[in-house]
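Open the model in a viewer and keep the selection tool at hand. The tour below goes from stop to stop, with what to select and what is there.

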Amino acid sequence: MHIGIIGGGPAGYVAAIRAAQMGAKVSVVEKEFLGGECTNHGCIPTKALYLTAHKIADFQWGNAMSLWDGEIFPDWRKILDFKNRVVQRLVKGIEFLFKKRGIELISGRAVFLSPTEILIEGAKSERRKFDKIIIATGSTTSIPPVEGLSGISPWDNRRALSAEKLPQKLVILGGGVIGVEFAHIFRAFGCDVTIVELMPKILPFNDDDVSSAIHRALVKEGVKIIVSAKAVYAHRNTEGVIIELDDGNSISAEEIIVATGRTPVFPDKLDEIGIEIGENGIVVDDFLRTSVEDVYAAGDVIGPPFLAHLASHQGIFIVERILGESDRKFDGSGVPAAIFSALEAGSAGLTEAEARKKFGDNVKIGKFPYIASGRALCEDEKEGFLKVIAAPDGKIIGFHSAGKNSSELLGLGGFLVQSGLSIDDVEDKIFAHPTLSEMIGESVLAAEQRAIHIL
Ligand SMILES: Cc1cc2nc3c(=O)[nH]c(=O)nc-3n(C[C@H](O)[C@H](O)[C@H](O)COP(=O)(O)OP(=O)(O)OC[C@H]3O[C@@H](n4cnc5c(N)ncnc54)[C@H](O)[C@@H]3O)c2cc1C
């Protein structure tokens with residue numbers, strides 16, 4: 001069995017490794033770099049900058065608390081170099097794994113000739129035939145239909161992450177996950193940042209408590225947030241950009257980042273081989289098969305949620321199905337998602353609003369604040385909470401948190417939701433002290449009004 005994979009991002013490269021582990025012959029066609037958008041221009045570079053900003057904030061915290069006294073002078077160019085080194089190391093790591101596992105990497109752009117044959121446009125053009133093909137071509141920034149916007153060459157994530165110079169004033173269009181992450185990063189490095197969000201709240205698809213905690217934390221660090229605002233016109237003058245809103249107000253800034261959503265990227269000639277494309281991307285069935293036999297699709301190209309770990313999981317699922325190891329349906333429910341902004345956040349499963357809609361007021365909610373945790377206080381992290389949502393029968397159906405290390409707490413929170421565990425399964429488990437994870441036990445107990453360290 002020879003599997004051809006188009007795209008070497010989290011969906012494609014992980015699928016390739018799994019297929020090679022299972023003994024298949026695998027070739028990956030990649031037009032840019034292994035690791036895809038996530039490793040090169042998304043998850044990893046943003047987190048390298050986010051975590052660097054944290055180290056600076058930790059140092060400043062010591063000054064503010066009079067625990068030490070000193071000055072630091074962050075150097076943006078050197079910080080970018082650090083970020084690039086992290087990316088390079090990971091890309092080289094994937095290349096190494098490919099070599100050791102005998103995975104063929106073909107540089108070039110794939111174009112479909114038939115369901116099992118592609119043309120690779122690269123240094124030398126070649127045609128290749130495969131038994132099965134997985135499309136894993138990802139997504140790119142979508143530019144909203146604001147008059148004048150595309151003409152002023154706004155920054156997307158790639159340009160924002162390689163900006164030679166920090167803008168003094170920045171406007172971010174879109175208060176979703178990518179928007180709030182960039183807002184925090186650029187604010188941490190001293191930019192004056194304004195977020196413009198169309199919906200009545202930032203992070204419109206998150207649990208209300210998470211959205212409002214991040215909103216408050218961003219405002220506290222000096223980010224301006226304008227919600228229920230529609231940008232209608234954009235233009236540039238000698239000083240920068242001007243964004244006009246539908247309420248008659250306008251915002252001027254040195255640069256603008258567009259973070260209003262992602263749109264799938266398709267290999268050319270998909271329509272000619274009959275692959276169905278829907279509103280969100282390539283249409284797949286419960287087994288991630290496209291409308292054409294022998295062609296599967298995974299990752300951002302099949303639509304939201306746009307998450308690297310979901311993309312990888314889909315890639316593994318397809319390969320295990322093709323190679324006969326599994327015949328179950330794909331289940332992406334309860335997939336965890338982290339946010340790295342003025343507060344870190346984690347979510348899995350239903351939001352409180354969704355749970356109340358489904359189960360009414362019999363839903364069980366357990367909430368525990370960081371301020372009641374000994375470990376959080378040792379770290380002087382008083383902002384934040386954990387929230388566990390359980391169905392009336394006690395099954396844990398949602399987990400949400402905001403605060404220090406929430407993305408790590410999500411490891412267990414997401415596991416509870418995805419495993420379909422119940423309050424009974426967790427209530428007698430012992431968590432190490434003093435850790436933030438103790439708050440998971442406490443929030444589960446809080447769903448039955450039994451938390452120890454809060455009333
Ligand atoms: C700023 C930002 C931050 C993010 N942060 C996170 C995060 O913290 N956590 C998280 O889970 N997700 C995050 N994401 C989302 C994550 O990056 C994507 O969900 C993930 O990259 C999707 O993986 P993929 O393999 O489907 O596609 P991609 O990573 O987009 O990879 C697709 C690959 O296909 C290649 N390709 C495309 N067309 C062709 C062709 N015709 N021929 C050959 N090759 C082709 C591309 O060059 C690319 O390398 C972030 C995204 C952005 C933009």
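Two residues are in contact here if their C-beta atoms, placed from the backbone, lie within 7 Å. With that in mind, select H2 in this predicted model; H2 sits in strand 1 (residues 2-6). Leaving aside neighbours within four places in sequence, the contacts of H2 are K25, F130 and D131.

**The whole chain**

Zoom out and colour by secondary structure. The protein has 13 helices and 22 strands. The C-alpha atoms fill a box of roughly 65 × 60 × 45 Å along the principal axes. For 455 residues, a compact globule would have a radius of gyration near 23 Å, and the protein agrees with 23 Å. Buried residues account for 44% of the 455. Of the contacts between residues at least 6 apart in sequence, 65% join residues at least 24 apart.

**Domains**

Colour three selections separately. The domain assignment gives domain 1 as 2-141 + 263-322, domain 2 as 150-260 and domain 3 as 343-446. Taken over C-alpha atoms, the centres of domain 2 and domain 3 are separated by 30 Å. Where these two meet, eight residues of domain 2 are in contact with 12 residues of domain 3. On the domain 2 side, the touching residues are four nonpolar, one polar and three charged.

**The ligand**

Select the ligand and its surroundings. There are 35 residues around the ligand, and the closest are G7, G9, G36, G138 and G299. By class, this shell has 16 nonpolar, 13 polar and six charged residues. Which elements each supply at least two residues of the shell? They are helix 1 (10-21), strand 2 (25-30), helix 2 (36-41), helix 3 (43-64), strand 4 (109-114) and helix 8 (308-322).

Stay in helix 2 and select E37. E37 counts as buried, because 27 C-beta neighbours lie inside 10 Å. Not counting residues up to four places away in sequence, E37 touches G9, G42 and G138. Two of these, G9 and G138, are among the residues listed as closest to the ligand.

**Helix 3**

Select helix 3. Its 22 residues reach 31 Å from first C-alpha to last, close to the 32 Å expected at 1.5 Å a residue. Show the side chains of C43, I44, P45, T46, A48, L49 and T52, which are buried in this helix. The cover over the buried residues includes helix 2, helix 4 (76-101), helix 6 (177-188), helix 8 and strand 18 (337-340). Just after helix 3, S66 takes a positive phi of about 55°.

**Helix 7**

Move to residues 208-220. Helix 7 has 13 residues and reaches 18 Å from first C-alpha to last, close to the expected 18 Å. Its buried residues are V210, S211, A213, I214, H215, A217 and L218. They pack against helix 6, strand 11 (224-226), strand 18, strand 19 (344-349) and strand 22 (396-402). Just after helix 7, G222 has a positive phi of about 105°.

**Backbone exceptions**

Most residues other than glycine have a negative phi, and most peptide bonds are trans. The next selections depart from this.

- L203, in the loop between strand 10 (192-196) and helix 7, has a positive phi of about 45° although it is not a glycine. L203 is buried, with 24 other C-beta atoms within 10 Å.
- Q449 lies in the segment after helix 13 and has a positive phi near 55°. Q449 counts as exposed, because 10 C-beta neighbours lie inside 10 Å.
- P304 and P305 are joined by a cis peptide bond, with omega about 0°. P305 lies in the loop between strand 17 (295-297) and helix 8.
- H433 and P434 are also joined by a cis peptide bond, with omega about -5°. P434 lies in the loop between helix 12 (423-427) and helix 13 (438-446).

Key: Residues numbered from 1 in each chain as written. Predicted model: local features only at pLDDT ≥ 70, side-chain atom pairs only at ≥ 80, totals over all residues. Near = placed C-beta within 6 Å. Helix = DSSP H or I, 4+ residues; strand = E, 2+ residues; numbered from the N terminus. Nonpolar A, V, L, I, M, F, W, Y, C, P; charged D, E, K, R; others polar. Domains from an automatic or database assignment. Expected span 1.5 Å × (residues − 1). Buried ≥ 20, exposed ≤ 12 C-beta atoms within 10 Å, placed from the backbone. Rg over C-alpha atoms; globule rule 2.2 N^0.38 Å.
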